[in-house]
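The sequence and the structure come first.

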Amino acid sequence: MKILIVDDESINRILLVNLLENAGYTDCIEAANGAEAIDKYKREQPDLVLLDVVMPDMSGFDVVKHLRSHATEHYLPILFITALDDKESLVKCLDVGGNDFATKPFDKHILIAKIRAHLQIRALSLRIEQQNKALLLFNQRVAREHAIVEHIFSNAIVNDPKVLSYFDYCIKPAQSFNGDVFLCEASPSGGIYFVVGDFTGHGLASAVGALPVTRAFQELSQQGVSVSELAKELNHILLKFLPHDMFMAAVVGEIDASGTRVTLWQGGMPAVICNTSQANKESAFIGGARFEEVGMPEGLRQIPARHMALGILENEEFDTQCDTISLSRGTQLIVVSDGLIEVANGTNHMLMEEGLVDIIHSMKRENQTVTAEGLYQKVLNYSVSKTFDDDISAVIFASQPIELVPKDNSGIALPSLHEIALSAEHLKQPDVLQRVLQIAGQCEGIQNVRSILYTVISELFNNALEHGVLLLDSKLKSTSEGFHTYYQLREKLLNQLSDASITITIEALPNQHKIRITVKDSGRGFSWDNLKSVNDDESYGRGLALVQAMCDQMWFEDKGSKVICTIDTKGTP
């Protein structure tokens, strides 16, 4: 530590130098008057100044003002050494800018203690200043990085305004960056793909996962993949990019060109709500069967998530099963993230899914249009806090025709024929259907109907396996207990299977704008004569009503063990 001693008496300077050196302060600078003190301060930049008050050229009171003018950045302790002992003089020592004083004759122990204390304060002050500078640089760097990331996000996560116009949405981040994501893209078949996702936590750490998800979603949408394939690929990407403690709850969906059929994959999100203004006239259909729910208000239905969030399960464990919903015109499909429902009122009662249903029902009773912003405001009024701790997403699609022009995939597609013969050992493989779909995806000219093709093949394969080969009765699934029993029995019979086969033929005829699918199983067949229409509730254990609705033709051969259907690749049926 460097100490400047200012005194016009040389004996006083010598005395102070000896005292300081004995205390361990060996770097001492002497000045005999005020002008010399100011000059040496500028050149030496001492850490502490011992300043005499009474000097011939400039008093200590005058000198201290000059020293302070040159020591604006750091804390400079200045201790007056004075023979003055009246209160007014001592007070003035502090008023003019001094930090302390010692009266002559001074006690060397007290003086050294004061010097040591003020040097410690200076050291702390310098350390704080260094930390403040480091913090300032850090904040500037963070602000710059945030600006860069925000620029990237604003250009990477962009929805087509034409597609976005079919949705009513309210997206509000809890911080600068949003851990929720809403994406929508036109499908090659003239419909719309969409994803409503909720990453773990919120802020920048959560938002970064949206970048690979957006890129993959946009590319897969252009290919016209099925919702099952889309969900599985997003799961694979998140497993690869995210740490183990992060995942994305999501609703992945596709709306067909008519706007009345929606395919959903739901993992870890609050239940999707169907809100129809024509209660009991046209209900939602789910998975080909009329869907009812006990305790729901009239005109409202819930479709609960049946899967875990994306980014948790490995590919071989991932379940791609989807719900297919048929909506009456004008029916609203309402998707929200958990940030909207996990709020508490003054009695610490959380809103949850039941509370959101009550809000929607009350809005309907009051003849209010259910909007995303309206739901947000109602939930905000319910909450005891006027801010949300989590990101908020509310997305609403009202069933209507989708009038988007599909992209023209120029070029002449090649015809192809794929025949896949599956034995009992093949049928036991958990990924056999996905491998079949991968082969189907190699056909050219299927972009416009790829999702339909995957759904049809999946339905026909599962029907052939479960009802043709394993002879399971779908009536078992009429209750929740029976549903569990059905799939337990399915697994048992499949493990015991030793002599069975299913042959799948996929013939792409791009010149005729057709795809012909044939599925032949080794079962005993069934009587299809009573299969009436797509709207019949009873599908005779074959799940064929949905297939017939998606294809332009379907017929049976070989006593019902063989089904043939065609899909029009120019447009949806």
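## The H8 and H9 pair

In this predicted model, helix H8 (residues 210–223) and helix H9 (residues 227–241) have axes that come within 10 Å and cross at roughly 150 degrees. Because an angle over 145 degrees counts as roughly antiparallel, H8 is roughly antiparallel to H9. The crossing in which H8 passes H9 is right-handed.

On the H8 side, the contact is made by Pro212, Val213, Ala216, Phe217 and Leu220. H9 contributes Leu230, Glu233, Leu234, Ile237, Leu238 and Phe241. By residue class, the contact of H8 with H9 holds 10 nonpolar residues, no polar ones and 1 charged.

## Helix H11 and its surroundings

Helix H11 covers residues 352–365. Its 14 residues should span 20 Å at 1.5 Å a residue, and the C-alpha atoms at its ends are 20 Å apart, so the two values agree. After H11 comes Asn367, which has a positive phi, near 60 degrees.

Which residues of H11 are buried? They are Gly355, Leu356, Val357, Ile359, Ile360, Ser362 and Met363.

## The H11 and H12 contact

H11 and H12 have axes 11 Å apart and pack at an angle of about 115 degrees. H11 passes H12 in a crossing that is right-handed. From H11, the residues Leu356, Ile359, Ile360 and Met363 meet Gly374, Leu375, Lys378 and Val379 of H12. The residues of this contact divide into 6 nonpolar, 1 polar and 1 charged. Leu356, Ile359, Ile360 and Met363 are also among the buried residues of H11.

In H12, the buried residues are Ala372, Gly374, Leu375, Tyr376, Val379 and Leu380. The buried residues of H12 pack against strand E6 (167–172), strand E17 (392–398), E16, H10 and H11.

Trp265 is located in strand E10 (residues 261–267). Its relative accessible area is 0%, so Trp265 is buried. Trp265 and His307 are separated by 42 residues in sequence, and their C-alpha atoms are 8.0 Å apart in space. Thr505 belongs to strand E19 (residues 501–509). Thr505 has a relative accessible area of 15% and is therefore buried. With neighbours within four places in sequence left aside, Thr505 is in contact with Leu417, His418 and Glu419, and also with Arg516, Ile517 and Thr518.

Gly482 is part of helix H16 (residues 480–496). Why does Gly482 count as buried? The relative accessible area of Gly482 is 10%, and the cut-off for a buried residue is under 20%. With neighbours within four places in sequence again set aside, Gly482 is in contact with Leu476 and Lys477.

## Backbone features in loops

Most residues other than glycine have a negative phi, and most peptide bonds are trans. Gln45 is not a glycine, yet its phi is positive, near 50 degrees. The loop that holds Gln45 runs between helix H2 (34–44) and strand E3 (48–52). Gln45 has a relative accessibility of 42% and so counts as partly exposed.

Asp558 also has a positive phi without being a glycine, in this case about 50 degrees. Asp558 sits in the loop between strand E21 (553–557) and strand E22 (562–568). With 44% relative accessibility, Asp558 counts as partly exposed. The peptide bond from Lys104 to Pro105 is cis, its omega being near -15 degrees. Pro105 lies in the loop between strand E5 (100–103) and helix H5 (108–156).

Conventions
Residues numbered from 1 in each chain as written. Predicted model: local features only at pLDDT ≥ 70, side-chain atom pairs only at ≥ 80, totals over all residues. Heavy atoms only, no water. Axes fitted to C-alpha atoms, helices over the stretch in contact; angles between N-to-C directions. Helix = DSSP H or I, 4+ residues; strand = E, 2+ residues; numbered from the N terminus. Parallel < 35°, antiparallel > 145°, perpendicular 65-115°, else oblique. Left-handed = near helix turned anticlockwise from the far one by under 90°. Contact = heavy atoms within 4.5 Å. Nonpolar A, V, L, I, M, F, W, Y, C, P; charged D, E, K, R; others polar. Expected span 1.5 Å × (residues − 1). Buried < 20%, exposed > 50% of the residue type's maximum accessible area, 1.4 Å probe, protein only.
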